[in-house]
Amino acid sequence: FGGKRVFKNIFDEKLFAELYTAEDAENEMGLNNNAMVALAMLLGSDYTAGVRGVGVVNAMEVIQAFDVASDIKQGLSRFASWLDGFDSKESITTPEVERTKA
């Protein structure tokens, strides 16, 4: 973490490598270093297994909703507290459907 450039497919037979920069990630997606570390923690990496059921879209929503940009630990702790208090049975409501004969 903290690298400014990442190369992908550097050993590909096509001899075409992709370059990703931290500057582009921040300018195009609003991801600073803390946000990228939080994404790695949520999605999984060489250093963490990630959070089961959290994909790229959910992870981006989490880092925006729980402000990890300034403090990763505090933001992810708030997410964990929210997740621990979440009851899926209470959150899903089924609207009553009125049936009428035609």
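Biologist: On what basis are the values given?

Modeller: In this predicted model, local features need pLDDT of at least 70 and side-chain atom pairs pLDDT 80 or more, while totals for chains, interfaces and linings use all residues. Residues are numbered from 1 along each chain as its sequence is written, and side-chain values use heavy atoms, leaving out hydrogens and water.

Biologist: What volume does the second largest pocket have, and which residues line it?

Modeller: Rolling a probe the size of a water molecule over the atoms shows where empty space is left. A pocket is an open set of points on a 1 Å grid over the protein atoms alone, where a 1.4 Å probe fits, with protein on both sides within 12 Å along at least five of seven lines; lining residues have an atom within 4 Å of a point. A volume is the space filled by probe spheres set on the points. Here it is about 160 Å³, and the lining includes Phe 79, Trp 82 and Leu 83.

Biologist: How is the pair of Phe 79 and Trp 82 described?

Modeller: A pair of aromatic rings is described by the distance of the centres and the angle of the planes. Ring centres must lie within 6.5 Å, with the six-membered ring used for Trp, and planes under 30 degrees apart count as stacked. Phe 79 and Trp 82 are stacked, at 6.1 Å and 25 degrees. Together with Phe 66, they form one aromatic cluster.

Biologist: Is Phe 79 buried or exposed?

Modeller: Buried means under 20% relative accessible area, exposed over 50%, and partly exposed in between (1.4 Å probe, protein chains only). Phe 79 is buried because its relative accessibility is 7%, whereas Trp 82, at 46%, is partly exposed.

Notes
Rings of Phe, Tyr and Trp (its six-membered ring) pair if their centres lie within 6.5 Å; planes under 30 degrees apart count as stacked, over 60 as edge-to-face and the rest as tilted.
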